[in-house]
Amino acid sequence: MPRFSIVVPVFKVQGFLRECLDSVLAQSYTDFEVIAVDDRSPDGCGAILDEYAARDPRVRVLHLPENVGLGRARNAALPHAGGDFLLFLDSDDTLTPGALRAIADRLEETGDPDVLVFDYARTYWWGATRRNVLARILAESGEGTFTAAERPEILELLMVVWNKAYRRDYVTEHGFVFPPGYYEDTPWTFPVLLSARRIATLDRICVSYRQRRQGNILSTTSRKHFDVHDQYERVFAYVDAHPELASWRPYLHRKMGEHCLDILAKPDRLPACDKGEFFRRTADLFRTHGAGEPVPAELRVLEGSYTGYLLRRRAAAVGDALGRRRRQARAVAARRVKRGWSWAYERRPLDPDLAVYSAFSHRGVLGDPAAIHRAARDLAPHIRGVWVVRPDQVEHLPPDIEYVLPGSLGYLRVTARATYFVNNVNWPGTLAKRPGSVHIHTHRGTPLKYMGADLRDKPGARLGLDVPQMLRRADRWDYSLVANRHSELVWDRAYPCDFTSVRSGSPRNDVLVDAKPGDGAGFRFRHGIPEDHTVVLYAPTRRDYVRGGHIDRFDLARFAEDLGEGHTLVVRLHPSLADGPARGTGLTELHRRGVLVDATDEPHVEEVMLASDALVTDYSALMFDYANLDRPIVVHADDWGAFRASRGAYFDITQDAPGHVSRSYRELAWVFASGCWRDEDSARLRAGFRARFCAFDDGRAAERVVRTLMLGEPDVRPSVPAPAAGDSEALTTSP
């Protein structure tokens, strides 16, 4: 008996069917059967199914003699299902890599609940991917099981059949089946969840829900959308037959009204000539099943006429338009007021003892600007430092940090009068540079991939990026900090502006250069990492050749397992991926289960590096900083050709690597299994890399910046060996 029976109803999806089946059959977890139901599809779906069944015994195909619709096609598969749990997958959707393993592990962890609810992401036909906006409900549902009464918010998730696993005995015991017609998920999902005694959740994206440009049932204009009324009649009939569920009537009454009004409001669901009838049918149903509870304000329209509904809709549209105009007028007035204040502040002289700092688009006290700020407090305490910080980051600031919010009057006041500006990204274009002010640009690391003006021939990489505007903002830089000769050459080329390069080293790397035994212990303690464990840090960068920027290069759970006992895998995604779907495809769940540590949200990456014993990365600039620690680095370059073609690179990292290079997961696993990740060749490669890219990092970079650029002391440059004979400092590129 397999663990899972995966039911796949199939109708007119020949262009997507192979991708769907491949996503299932390629799962690392193999204890399943696929029951594919050919719902008399008129295209080539039947032949594709037979092809897959012929080469994989886990696939069984049912060819129905006539088209019965999605719900009844699923019903046809149920008597043939022998798995402990049922999964339903629409034939144009896909399972994410590792989904079945994650589901199986969570079911075992929670003792085989009646229902397991997992997450999904919408994948759009133009390439975008967006995670379920209510994913937090899954994360907040706790470690154990519950009932819908204990956590009613579970019913706020998308009420579909394919984001859940169902214990087959539970389904059989209650006789759950799908009705005919559209919205067939509704009279299945509500009864299933309301009757379940044990529900569990999995905070992981397991299904990619394809948003087709055409052919999607929900975007098809048809009278079949009237089926929703019959489906809710079935829900209420189920509740009536189970008195213990009577308390759910008010909730279901409200959900029915909201659902039907949502269908009516959609422009592409109902024929225009049928909308009045749909409204009246909805109003009748709403009155029939009223539970005597007060009607929410947004549903009171159902107590009136269709004409009243239309008038209210038009009034709401007019109100929205007026509201937008009022907001626009207020915004214009506010800008004028702020500009007036700015002009007033700019008439006053610059404050020679005022410095304004920002890092990573106002994300907090971080990076090079933070290191310079700390040094200025010690060496130049008379210089007042003020940070520009986003509102959502204020709570994370140290208590002794003075800050202003972007665009506030306080921001206008300090930016109009500050003498020193320190930032690792460009200041906004609205900031006027006053004569006498000093702009210090720290950058965000040593560049491997193309930057600035070099992106002009890389349209994918500069999508949404205004290079001329970027250069106009860079025109305000007075000083550009560099950690090596390579960076100096790149910034001169990528930002053809009138600034002075300062061979200061990277201030944020001072703590790495001066690292002592025990540094990073706080990170290990917070995450429960044993002191004797070898910590491997995996830090992938984003890809410009895929929308969203993230691709799973390999199975993180497998890598953590292959590292073996006595090792801990720590993963830190690129900051631009922190809030997207990347973590939902397994990272969050693996962190929760203790398989690895997700360090993406750690504010100070320097502490994460200090806590690690080795780095695995692809093309992240983090490797240049990490090299200061003189600890092993492995470059995983399985897609170097695609990355280089889409983004461009200033040199070939596979030829000038800081350690061993792997070009497949098999090679990566071997590098660690064999121990060569820390052999003599690794040390030799790392030494050459450090000599080239850490040349100016001597542990005094922040002090050097403060003394020379703020206090005006003589420029004391780091001691750097002269290039060896034959070495060239010319910039080479790898387009």
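The model is predicted, so local features need pLDDT of at least 70 and side-chain atom pairs count only at pLDDT 80 or more, while totals for chains, interfaces and linings use all residues. Residues are numbered from 1 along each chain as its sequence is written, and side-chain values use heavy atoms, leaving out hydrogens and water.

**Helices H1 and H2**
- Helix H1 (residues 17-25) and helix H2 (residues 45-55) have axes that come within 10 Å and cross at roughly 25°.
- That makes H1 roughly parallel to H2 (angles under 35 degrees count as such).
- Leu17, Arg18, Leu21, Asp22 and Leu25 of H1 touch Cys45, Ile48, Leu49, Glu51, Tyr52 and Arg55 of H2, where contact means heavy atoms within 4.5 Å.
- The residues of this H1 and H2 contact divide into seven nonpolar, no polar and four charged.

**Helices H7 and H9**
- Helix H7 (residues 186-195) packs on helix H9 (residues 249-265) at about 155°, with the axes 13 Å apart.
- H7 is therefore roughly antiparallel to H9 (the class for angles over 145 degrees).
- From H7, Thr186, Phe190 and Leu194 meet Tyr251, Leu252, Lys255 and His259 of H9.

**Cavities**
- The whole structure holds four cavities of 30 Å³ or more (on a 1 Å grid over the protein atoms alone, a cavity is a set of points where a 1.4 Å probe fits but cannot get out).
- The largest cavity has about 70 Å³ of space.
- Of the 14 residues lining the largest cavity, Thr442, Leu481, Val482, Ala483 and Ser506 are the closest to its centre; lining residues have an atom within 4 Å of a point.

Terms used. On a 1 Å grid over the protein atoms alone, a cavity is a set of points where a 1.4 Å probe fits but cannot get out, and a pocket is an open set with protein on both sides within 12 Å along at least five of seven lines; lining residues have an atom within 4 Å of a point. Grid points are joined across faces, edges and corners, and a volume is the space filled by probe spheres set on the points. Axes are lines fitted to C-alpha atoms, for helices over the stretch in contact, and angles run from 0 to 180 degrees between N-to-C directions. Helices (H or I, at least four residues) and strands (E, at least two) are DSSP runs, numbered from the N terminus. Angles under 35 degrees count as roughly parallel, over 145 as roughly antiparallel, 65 to 115 as roughly perpendicular and the rest as oblique. Ala, Val, Leu, Ile, Met, Phe, Trp, Tyr, Cys and Pro count as nonpolar, Asp, Glu, Lys and Arg as charged, and the others, Gly among them, as polar.
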